[in-house]
Amino acid sequence: MILRSLVALPLLAALVAPAFAQTAAPAPQQTLGGPLVPGVCLLSREAIYANAAIGKAATVRLQELARVAQTAIDGERAPIEAEAKALEGQPDNAQTNQRRAALATRWQTLQGKAAHDSREIDATRAKALERIANDAQPVIAHVYGQKKCGLLLDRNVALGGNLGNDLTADVVKALDAKVQTITFERERLPQQAAAAAPARR
């Protein structure tokens, strides 16, 4: 039966989450303490993306693009599901089997389109992150120099210690002074590439 093979199409808005939703600043943990190590500084890029105005603007825009794409997929899915339901209980004859086969083809095409849309949203997210990283890099370098750092480590890999040389908040503040928003359109990928490449989750 066609309906048994119908699975929920991926919610495109969920694609926004991997890049930006995970970027929330981690909950404060009890550190091991100890003396401040001169010249060793920490930074969380994820917290920059989550807390800087440009990161928040990118999240809103990506959610909007994903919502539009998902609405289009849902609009095409509804009549397919309605027809599949109508075919339930129909006699197993040549005409019904032909309708089922045609419906299965339409469903497969829609799944391919949803996967392609997902890849386009994913590519859009990656490009937005790259733009934010490019805007943030000179700010990071400036704050790094101001704090007289000699080594910069990812805050998220620090198991403990004195985290007093965390540059993240200063970088967010300076980045907000530099840029407040970001605008972008959905990336477009070639259809043939979409057909050949598996969907990324």
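Modeller: This is a predicted model. At 68% relative accessibility, Lys148 counts as exposed. Lys148 is placed in the loop between H5 and E2.

Biologist: Why is Lys148 called exposed?

Modeller: The label exposed needs a relative accessible area over 50%. Lys148 has 68%, so Lys148 is exposed. Lys148 also has a positive phi of about 55 degrees, although it is not a glycine.

Biologist: Why is Ser44 called buried?

Modeller: Buried means under 20% relative accessible area. Ser44 has 1%, so Ser44 is buried. Ser44 lies in the loop between E1 and helix H3 (45–51). Not counting residues up to four places away in sequence, Ser44 touches Arg155, Asn156 and Thr168. A polar atom of the Ser44 side chain lies 3.1 Å from the backbone nitrogen of Ala47.

Biologist: How do you know that the side chains of Arg45 and Gln137 are joined by a polar contact?

Modeller: The distance is 3.1 Å, and the cut-off for a pair of N or O atoms is 3.5 Å. Leaving aside neighbours within four places in sequence, Arg45 is in contact with Ala133, Gln137 and Ile140. Arg45 and Thr168 are 7.7 Å apart, C-alpha to C-alpha, and 123 residues apart in sequence.

Biologist: What makes up the largest nonpolar core?

Modeller: The largest nonpolar core has 28 residues. Among those with the most contacts inside it are Ile48, Leu167 and Phe184. E1, H3, helix H4 (53–87), H5 and helix H6 (168–178) each supply at least two residues of this core. H5 gives the largest share, nine residues. Ile48, leaving aside its neighbours within four places in sequence, is in contact with residues including Leu43, Ile140 and Val171. Apart from this core lies another, of eight residues, among them Ile73, Ala84, Leu103 and Trp107. In soluble globular proteins, nonpolar side chains tend to be buried together.

Biologist: Why is the pair of Glu185 and Arg61 called a salt bridge?

Modeller: The N to O distance between these side chains is 2.9 Å, and the limit is 4 Å, so the pair is a salt bridge. Glu185 lies in the loop between H6 and helix H7 (191–196) and Arg61 in helix H4, so the pair ties together parts that are 124 residues apart in sequence. Glu185 is exposed, with a relative accessible area of 57%, whereas Arg61, at 16%, counts as buried.

Biologist: How do you know that Lys113 forms a salt bridge with Glu76?

Modeller: The closest N and O atoms are 2.3 Å apart, which is within 4 Å, so the pair is a salt bridge. Lys113 in helix H5 and Glu76 in helix H4 are 37 residues apart, and the pair links distant parts of the chain. Lys113 is partly exposed at 34% relative accessibility.

Biologist: Where do Arg77 and Asp74 lie?

Modeller: Both lie in helix H4, three residues apart, about one turn of the helix. Arg77 is buried at 18%, and Asp74 is partly exposed at 29%.

Biologist: How many salt bridges does the structure hold?

Modeller: The structure holds 14 salt bridges. Asp117, Glu120, Arg186 and Arg188 are linked in a network of them.

How values were computed
Residues are numbered from 1 along each chain as its sequence is written. This is a predicted model: local features need pLDDT of at least 70, side-chain atom pairs count only at pLDDT 80 or more; totals for chains, interfaces and linings use all residues. Side-chain values use heavy atoms; hydrogens and water are left out. Helices (H or I, at least four residues) and strands (E, at least two) are DSSP runs, numbered from the N terminus. Buried means under 20% relative accessible area, exposed over 50%, partly exposed in between (1.4 Å probe, protein chains only). A polar contact is a pair of N or O atoms within 3.5 Å; within protein, one must be able to donate a hydrogen and the other to accept it, and residues adjacent in sequence count only if both atoms are side-chain atoms. Contact means heavy atoms within 4.5 Å. A nonpolar core is a set of buried Ala, Val, Leu, Ile, Met, Phe, Trp, Tyr and Cys residues joined through side-chain atoms within 4.5 Å.
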